[in-house]
Every structure is written in structure tokens, then in C-alpha cells.
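Please look over the sequence and the model first.

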Amino acid sequence: MQLDELKAIAEKKKASAKKVCLRTCLSAGCISSQSDVLHKNLATEVKAAGLENDVEVRRVGCMGFCGQGPLVGVDHKEGKEELFEFVKPDDAKAIVSHLKGGACDVQKGDPQHPFFAKQVKIVRANGGIVDPENIEDYLAIGGYQALHHALTEMNSESIIDTITKSGLRGRGGAGFPSGIKWGTVAKSPGAKKYVVCNGDEGDPGAFMDRSVLESDPHLVLEGMAIAAHAVGADQGFLYVRAEYPLAISRLQIAIKQAKALGLLGSGIFETPFNFNVDIRIGAGAFVCGEETALLASIEGERGMPRPRPPFPAVKGLWGCPTLLNNVETFANISAIINKGADWYASFGTEKSKGTKVFALTGKIKNNGLIEVPMGIPLRQIVEEMGGGAPDGHSVKSVQTGGPSGGCIPAEHLDTPVDYESLGKLGSIMGSGGMVVMDDTTNMVEIAKFYMEFCMDESCGKCIPCRAGTVQMFHLLEKITQRKATKRDLDKLEELCDMVKNTSLCGLGQTAPNPIQSTLRFFRSEYEALLQPDATGAPVGANGTAKAH
Amino acid sequence: MAAKTLTINGQQVTAEEGATVLQVARDAKINIPTLCHLDGMKDVGACRLCIVEVVGTPKLLPACTTVIAEGMEIKTESDRLRKYRKMTLELLFAERNHVCAVCVANGHCELQTLAYEQGVDHVRYDYLFPKWGVDTTHERFGMDHNRCILCSRCVRACVEIEGAATKSIAGRGAKSKIISDLNEPWGEADSCTSCGKCVQSCPTGALFNKGSTVAEMEHDRSHLDYVVTAREKKLWVTHA
Ligand SMILES: Cc1cc2nc3c(=O)[nH]c(=O)nc-3n(C[C@H](O)[C@H](O)[C@H](O)COP(=O)(O)O)c2cc1C
Ligand code: SF4
Ligand code: SF4
Ligand code: FES
């Protein structure tokens, strides 16, 4: 494969575009509401109406507005765009007749709704537009040209320099600067190196990575290949959780198609660069998202974390230097190579560059996936894009960062969404879960929910996390059952501090966050549940025993 | 190998590059409590009792897996460390059934000794008393899961020293359990060579020689040490 051949395929594909394109979301969310049947029906109806030459019926990935799904997008060649929401398989006929000017009572969405209008799409630019199972779609929008550029015009140093200058930080949760990580792997001595993509996505309520993998698998593969060239690796692993079968099958198709065109495999773009990617499937443990546990799992060992250092960048898979990044991190790479570090750094804040994908869920009118520039005030996401809490309720708090994160109370909604600002409020950016809670939510129950999750998902290796999460969960249960006293709350706080400071890996180290953050902003909800102890000592900080 | 100079509790020590904080401290006769560490086996940093403070590092580090660096200033004792170690031991006592008075290892147990040493005089957490079984299917040894602290020393002894890999961990979190082969009764585990290295490595009364009654089970670490030392020094290699 040479660049002109690549461009020829892209041009041919573009030239074959029909007057109208009917895009149906065939991501897991919409499929669960029968969008696969709908997609077939649309094809049948288009044929029945004799419109095959004018209308393309395209399978696409996630369009983002998942709460309104199944979604069908209609692109007219002259530029008009339409959106249909809550489309049922039986609506196919009506939609096709609408193309011929007929009446159609399927609910219409507004492509200019703030939910869409306020987004800046880099990672999700092709999501809901390209057919994830057809590499030609990806090539038509310029796919794999960044890889060509990186292989022929750039070297390890200049690529890493570009990534560093772009300010890209890891999207897996901790926000570690990607350029520094790439540089460490590149510099680590070793004949064999690996690139690993973390698609384990275990946070409750998070589905950003699934959507990227299901909607645009080549984007991630291209990012991994560029990374491999930069760090000197020739083998990649994509670790995907078993609960994502559709993502896995689309990745398999994508890898096969890329190989067939010589975009993966040996001698890519007729350079000496070889890169193969294999898929590894997780077995349902949250902790396998932790990098050292993930690597152990790939090696066929029990997925348990080990102390760092040595970091994977120095000693990873089978002792070799290994670059491990999150799905979304890799999905940013080709855009940065194509458009440059400065372009990328023009989005976001001083220390948090680019965009971030969030899964906006919970007690909010507009559910779905959004990609926003870093630094956007939380209020804009929740109120303008999300439409606030439904059924006349008000937003009480926004949870970010899943079981490692915290709850941001409504009075702090003007906080800009960036790594530092969220950290100051005792939460974290995390991988992109954003759960909105309304005024009916009991914050102690929320803390208990996350603690139960951590308790069940603790790998059991280290004592503070294994035994500490059990005791913390029991104390929270005692509190919610109104059987606890001030002493129990003190014990809980002491355990939070101890588990955080002594646990081996990030799971235990961050497990107390949901408790600490709800205690920080909603302490009175805990205190209201406490009982006076045997000494009759008063409950609560203000020294008054609360009556029940 | 280059030598590194560092201080532990203000005392200056010199050690070889690549040594761990625990090795250096022990050579200098400075006691650091440990449970999952056993000489001759890979360290896993699991029990967290050996945590130390290192000046300039915000995180507490496990001495057993932290490699020394030039100029390191290490503190092995502080109020905070003592408090955390005590809590860790309390959590263990509350987690499973550790009633020393009726245990085969009473008086010869590392958990018990550490509890005395660290001043654990009571446990403030609710005892969970889960009902784990006792596996007495092996003809020579027994395993009482109620006494197990999941330190994984038996697992490592079995794979690293004996090379049998009979023992491993199944399940996760508090539900983790030491198993033989693919969760067979120990007596039916084909890979077990009946060497007893796991038994000798166990810090508590979880693994015992059959026939021992209360306070009779003394673990003989020299058994393990002998094999490891002999292997490191290649005592079995015949030089022709
Ligand atoms: C308990 C735990 C679970 C994690 N789960 C994930 C995950 O599902 N996906 C992910 O990308 N990173 C996860 N991480 C973070 C990874 O360890 C690692 O930092 C990240 O994948 C690095 O990629 P990045 O630099 O691109 O963010 C998890 C960390 C911990 C401690
Ligand atoms: S902190 Fe929890 S998940 Fe991490 S190693 Fe310890 S027990 Fe396992
Ligand atoms: S049986 Fe003994 S050696 Fe094995 S994990 Fe349990 S306490 Fe440790
Ligand atoms: S001896 Fe170091 S963590 Fe157990």
C-alpha cells in the first residue's frame, strides 16, 4: 500500500456517495432496542421504493444521544441533516416515504440541540458517521493518512515531541502526560517492546470506550500503530472486557481489513515498520483495568496488581518496556498528528488540553455520550446540554470518576471540568463517567453503593483493601440502618485514611473517595442517621443529639 | 555492583545497588514487621505491614519491594506507621477466625507474635466469623481456611521452591481462597508432591501437619532456607 493507492480508495469511496445517506446506530445501546431489525427494514423499504441508487442505508456507530435511541440520521447531499429519535423497526416505511416527500410521524430530533451544538468532537468525530465494519468509510475521511505521515515524515523523537507539546494526558483516569510516558518507553532499553490499549472500562455508568471501539475501531488501531512506531514496538494488544462482544467483533473485523490492505502487519506502507495487534479478552474483573493487573492478565496470570515501580514503561509485558494507554488516549493520536500539537493544545485549559468524552447518565433529561472541550463549566454540561434533572426535580450533585471519584455538590456546578479543578473538590476527572443525582438521592446510600462495588471488586491481595473495604461497607450499612453512633463514624473516617494510604494499588487507594467526598459536602446526612451512644454523648459536630 | 549510602532512622548504612529497603534494614538490625515476606521467595508487597516513610515521597512504601537509592532517608517508625500497622493487624483478626487459644499454632504464630509486638490489645472492628471449611483430605497435612490470612507464601513456596504449582488463589477480595490444583480436595491434587514446603512457609495455623493439636504446630523455616540457599549456591551442581 502506498499513499496514492490509499487516496485512490478514499476518492473512489467518496465519489460513490449517493444522494441520501440513512445512518442507523448499530451500537450496543440502540441494538438493545432493535435498531438491527430497523436497519434491515430500512434496506428492504429502500429497495421496495426503488431508491437503491439514490439512498445508502448505512450501519453506523454511536451518535451520542443514547437516551433518545434508536437514532436514525439522514444526510442529504446538498447538506441538510435530519435526525429521528426512538425509531421502531416498523417506522422504516414511514422514514423511506418521507424521503419521497410523504408524511412521517416518527419523532424528529434537533441536530442543533445544545446537546450536540456544544460538543467539540475529536475522538468521536467519526462516531455515528462511518460504518465501523467497513474500512473504506474510514479511509474516505482520511483514515490511516496520519500513520503514513508518521512513518514517512516523522521519527520517534518528532512524534513524541508532538504528543508532548499537544499536552495530551492519559484518559484512563489518572491523567498522566502521554508524551512523557511515550518518551520513557522509547528510552527504555530492550529489543522487544509492546503497545497495549486498555479497553477494560469497568467504572459503573461509563461507556465511552465501548462507544469508540464499536463506532470507530480503526481510529484506535491507527493511534496504536503510530505509538508503536514512536516507541519501537512491533506487537500490540487490545485488552477488551468480555462484556463488550460487539466491540470485540468489530475490532476483529477492523484488524482483518487493515491487514488485508497492508495497514497492519509487516512492512506497513512499504516501510520496514511491522505492527501486529492481537485482542485479549478480560474475564469480568474491574481490577484488570489497573495496568499491572491487566498486564498480568495478558500474560495468562491471575489479574492482580503488583507494586510499582517498576512501571510498565520500563518493565511491562514479560519484563519488556510496554506502553499502556487508554482507548480514548489512542483515539486522540491521529488527529494530533494530522493537525498538529498547537491545534490540539488550542482546546482546553492551561494544564488540561483537548477534549474529554463523558457518559452523561443518571437523573438527567438528556442521557448519552458527549465530547466537550476541557475546562467547560460543569453547569453547561448538566443544565444546557443535559437539560437538568427530569420531572421537576433539581440537581443535587454530580458524581465523576466512578468508584475512585467523588460527588460535586450543586453549589459547585460552575467548576470548570479539568483535572486540577475536579481534584480540588475531592473528585477526579476519571475515565469519563458522569452520574447526575437529583434532590431525592441519599448521599450515604451512594457512598455505600460505591463501597460495595469496591469491596466486591477488590482483588484480595493486600489487607487494607481486602479487609478494610468490608469493614467500611459494614459501617456504612450500620449507619444507613440507624444503628451506628458517632464512634462508628469516627472509625469509618479512620479506615478511609488508612485504606487510602496503605493499599497496594489504585483501587484501594481511591476506594474511600466516595465516602470522603460525601462526608465533605453532605456530612449532615450521615449525622442525621447516627444514634446517641451508651454514654449518651451527643451526636454530630454541633453537639446536639438529633431526635428521630 | 555500586554501593549506595542511605539512612534508616537516622542511622547511616551502605548497601549494594538493587537491595531492598527490608534487606538493608535487617542487615543493620533494624526491625520492620512483615507477614507476606519470606526469605528466599519473591516479594509481592501484599500485607502492607512493612510500609515505611521515605523523605520526599508522599506515599508510604513497602520495604520489601522498594529498591534502595542513593541518599534515601527512611523512617521505619512513626506514630502514623504504628497506627496503620495496628489497624492492619486488627483487620486481619476481624476478617477470619483467629482464636489463638484453640489454634495448632498458638505460641508459634507470626500473626500472634506481631500482634503482641505492635500492641494490639483489642480489636475494634466487628468480627466477621465467616464459615470456611477445613481440608483434611491430604494424608499428611491439613488446611484450615479459617486461619488463612491470604499472604500467598504457600503459593509461592509451592511454585518457586518446589516447582509443583499445586497451590493458587481462587475468587477475589474477602472471598479469596487458597486452592489445590483446580479447586480439588488437597488429597486428590495430582500435582502435590507432599513435600510440605507450603506448610513450613505458613505464618499462621492455616497449614499444619496432621496430628498436631493446640500449640503443637511449629513451622520449620530452615527446611525452606536449606533448599533456597543450596539452589542459590548451586550446591547440587556436580562439577565434572
Ligand atoms: C482499579 C483500577 C481500574 C482501572 N480501570 C481502567 C480502565 O478500565 N480503563 C483504563 O483505561 N484505565 C483504567 N485504570 C487506569 C490504568 O491503570 C492506567 O493508568 C491507564 O490505563 C493508563 O492509560 P492512560 O495513560 O492513557 O490514561 C484503572 C486503574 C485502577 C487502579
Ligand atoms: S488495593 Fe485492592 S485491588 Fe489493589 S492490590 Fe490491594 S486488594 Fe488488590
Ligand atoms: S495458607 Fe498460610 S501461607 Fe497460605 S496464604 Fe494462607 S496464611 Fe498464607
Ligand atoms: S512484607 Fe512487605 S508488604 Fe508484606
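Is the crossing of α19(A) and α20(A) left-handed or right-handed? The crossing of these two helices is left-handed, the term used when the near helix is turned anticlockwise from the far one by less than a right angle, with right-handed for clockwise. The model is predicted: local features need pLDDT of at least 70, side-chain atom pairs count only at pLDDT 80 or more, and totals for chains, interfaces and linings use all residues. Residues are numbered from 1 along each chain as its sequence is written, chains are lettered from A and ligands numbered from 1 in the order in which they are written, and side-chain values use heavy atoms, with hydrogens and water left out.

**Helix packing within chain A**

- Helices (H or I, at least four residues) and strands (E, at least two) are DSSP runs, numbered from the N terminus.
- Helix α19 (residues 443-457) and helix α20 (residues 463-480) of chain A pack with their axes 9 Å apart, at an angle of about 155°.
- This angle makes α19(A) roughly antiparallel to α20(A); angles under 35 degrees count as roughly parallel, over 145 as roughly antiparallel, 65 to 115 as roughly perpendicular and the rest as oblique.
- Axes are lines fitted to C-alpha atoms, for helices over the stretch in contact, and angles run from 0 to 180 degrees between N-to-C directions.
- Residues of α19(A) including A:V444, A:M451 and A:M455 meet residues of α20(A), among them A:V470, A:F473 and A:L476, where contact means heavy atoms within 4.5 Å.
- The contact of α19(A) with α20(A) has 10 nonpolar, 2 polar and 4 charged residues.
- In this classification Ala, Val, Leu, Ile, Met, Phe, Trp, Tyr, Cys and Pro count as nonpolar, Asp, Glu, Lys and Arg as charged, and the others, Gly among them, as polar.

- Helix α21 (residues 486-502) of chain A packs against helix α2 (residues 79-95) of chain B at an angle of about 100°, with the axes 11 Å apart.
- α21(A) is therefore roughly perpendicular to α2(B).
- The contact includes A:L495 and A:M498 of α21(A), together with B:Y84 and B:M87 of α2(B).
- By class, this contact has 5 nonpolar, 3 polar and 4 charged residues.

**Sheets and strand pairs**

- In chain A, 5 strands form an open sheet of mixed pairing, in the order β2-β1-β3-β4-β5; two strands pair if DSSP finds at least two bridges between them.
- β2 (55-60) and β5 (108-109) of chain A stand at the edges with a single partner strand each, so one side of each has no neighbour in the sheet.
- β1 (residues 20-25) and β3 (residues 72-76) of chain A pair in the antiparallel sense over 5 bridges, and A:V20 has A:H76 as its bridge partner in β3(A).
- In chain B, an open sheet of 3 strands with antiparallel pairing has the order β6-β7-β10.
- Its edge strands are β6 (134-135) and β10 (207-209) of chain B, each pairing on one side only.
- Also in chain B, β8 (residues 167-170) and β9 (residues 177-180) pair in the antiparallel sense over 4 bridges.
- The hairpin of β8(B) and β9(B) has 6 residues between the strands, and B:G171 takes a positive phi near 75°.

**Ligand surroundings**

- Ligand 2 is surrounded by 13 residues, with A:C459, A:C462, A:C465, A:C505 and A:G508 the closest; a residue is near a molecule or strand if one of its heavy atoms lies within 4 Å of it.
- The shell around ligand 2 divides into 8 nonpolar, 4 polar and 1 charged.
- Around ligand 3 there are 14 residues, of which B:C148, B:C151, B:S152, B:C154 and B:C202 come nearest.
- The shell around ligand 3 has 11 nonpolar, 2 polar and 1 charged residues.
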